[in-house]
Every structure is written in C-alpha cells, then in structure tokens.
Amino acid sequence: MKFNTNVLLVLSLFFLVACSENKVATVDALVYEQSKPLNDFILQDQNSEPVTKQAFLNQWNLVFLGYTSCPDICPLTLAKLNNVHKALKDKYPLQVWFLSVDPQRDTPDKRKAYIDYFNPDFLAVSGPHKDLFPLVRELGLIYAISDSDEQEYAVDHSASVAMVDSTGAVRAIFKPEFKAGSTPLINAKKLIIEFSVIADQYQ
C-alpha cells in the first residue's frame, strides 16, 4: 500500500510538472523562456515628456509599432488593444505603447490627438530613428521607411505586438493572423487568453 501511494505521488508530481512545462508551450505566441532585457533609451511621449526604460518597470507592457497616417493596420490594431487593455487591466498592471516609427510627421501633438481617440492612458512614443531603431530591433520587431521628399509616403512595419515584463525585458511576441484578402491583425480574444497564461507563468 505504501508503494502504491508513493507511485501515485510520483505520478501526480509528474503530471503537475508536465502541465507547468506545457502551459506556455501550448500558446501560439512566441515566448522567450529566458526574457530578453532591453537597453536603456530616451524617447518622447505624446506630452513631450522624456520616456526611458524606467517606464516599462513594475508592470506588464504591450508594444505596437505604427504611424498615425497608417490606413488600416494601426487603427484596427489599436482598437483591438483597447479591448485587450479593458479585459486585462483589473487583474494585471498593464501599459499599452504605440511606438511611432514616423517621427518626421508624427509630432507629439499629432500623436496625442491620435492616441486619445483610442485610449488617453496609452503611451504614444517616438524619437529620432537613431534612437528608435535599436529599441525596435531589441523588441523583436521591424520597420522600414522610404527615403523620400514626398509628403505622403507609406511606412512598412511589423503587425506583431511585443510583451515586455516588469523588469523591462521582452517576454513574448504576439503575431498577427494572416488571412487571404484581409489585413494582418492580432486576434484580441486569443491575445487576452495567451497574455494571462504567460503573465501567470512568469509573474
């Protein structure tokens, strides 16, 4: 009887460990088992205030790249992130970042007017490309902007959302869904579920 009890105990521990190990492995998001620390930086928010790595600390963060002239991905994604924020904010301290990669056109006033439409609690941050690009690269995201003198131009950028933890390190990347004939966008319902799984695992 004692042997059977020990066997059951070992099996129980095995399944507990297996569930714990598989908890994050089952999500579609790209999860870094070892988080990737970000270097410090200095950018500017929508109120013309300086923003550094310190703004990531002591909370969870979701970071999305874009620009205010974006015709589809940016407004649609920010609307989804607003729903994500509403669903998660009561359980998790959470800051949503809109990182504008079009500093030439996206002045602080323009960024403020833009982000206030979605959620005035979001950060709308930007800065010179020499400061933007290293941060974007460390986040695991990417953008490309044409060297043009024209006033109207498009900016290519990731449609993914980076998850930064309370120490200022990248923990995961939520990728958009690609469907034929549709704009690549994150799935808000899935992001809410997977965010909770990851945050609970690595809190």
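Trainee: At what angle do helix α2 (residues 73-88) and helix α3 (residues 108-118) pack?
Mentor: The model is predicted: local features need pLDDT of at least 70, side-chain atom pairs count only at pLDDT 80 or more, and totals for chains, interfaces and linings use all residues. Residues are numbered from 1 along each chain as its sequence is written, and side-chain values use heavy atoms, with hydrogens and water left out. Helices (H or I, at least four residues) and strands (E, at least two) are DSSP runs numbered from the N terminus; helix axes are lines fitted to C-alpha atoms over the stretch in contact, with angles from 0 to 180 degrees between N-to-C directions. The axes of α2 and α3 are 9 Å apart, and their angle is about 50°.

Trainee: Which residues of α3 make the contact with α2?
Mentor: Contact means heavy atoms within 4.5 Å. From α2 come Cys 74, Pro 75, Leu 78, Ala 79 and Asn 82. From α3 come Tyr 114, Ile 115 and Phe 118.

Trainee: How many residues of that contact are nonpolar?
Mentor: Ala, Val, Leu, Ile, Met, Phe, Trp, Tyr, Cys and Pro count as nonpolar, Asp, Glu, Lys and Arg as charged, and the others, Gly among them, as polar. The contact of α2 with α3 has no charged residues and 1 polar one. Its nonpolar residues number 7.

Trainee: Is Trp 97 buried or exposed?
Mentor: Trp 97 lies in strand β5 (residues 94-100) and touches, among others beyond four places in sequence, Phe 41, Leu 62 and Val 125. Buried means under 20% relative accessible area, exposed over 50%, and partly exposed in between (1.4 Å probe, protein chains only). Because its relative accessibility is 1%, Trp 97 counts as buried.

Trainee: How many residues are in the largest nonpolar core?
Mentor: A nonpolar core is a set of buried Ala, Val, Leu, Ile, Met, Phe, Trp, Tyr and Cys residues joined through side-chain atoms within 4.5 Å. Leu 62, Leu 99, Leu 139, Met 163, Phe 174 and Phe 195 touch the most other members. Phe 195, for one, touches residues including Trp 60, Leu 62, Met 163 and Phe 174. The residues in this core number 60.

Trainee: What is the C-alpha to C-alpha distance between Leu 185 and Leu 76?
Mentor: Leu 185 lies in the loop between β10 (169-174) and α5, and is buried at 15% relative accessible area. Leu 76 is among the residues it touches, as are Ile 73 and Lys 80. Leu 185 and Leu 76 are 109 residues apart in sequence, but in space the distance is 7.6 Å.

Trainee: What is the phi of Asn 58?
Mentor: Most residues other than glycine have a negative phi. Asn 58, in the loop between β3 and β4 (60-66), has a positive one. Asn 58 is exposed, because its relative accessibility is 70%. Its phi is near 65°.
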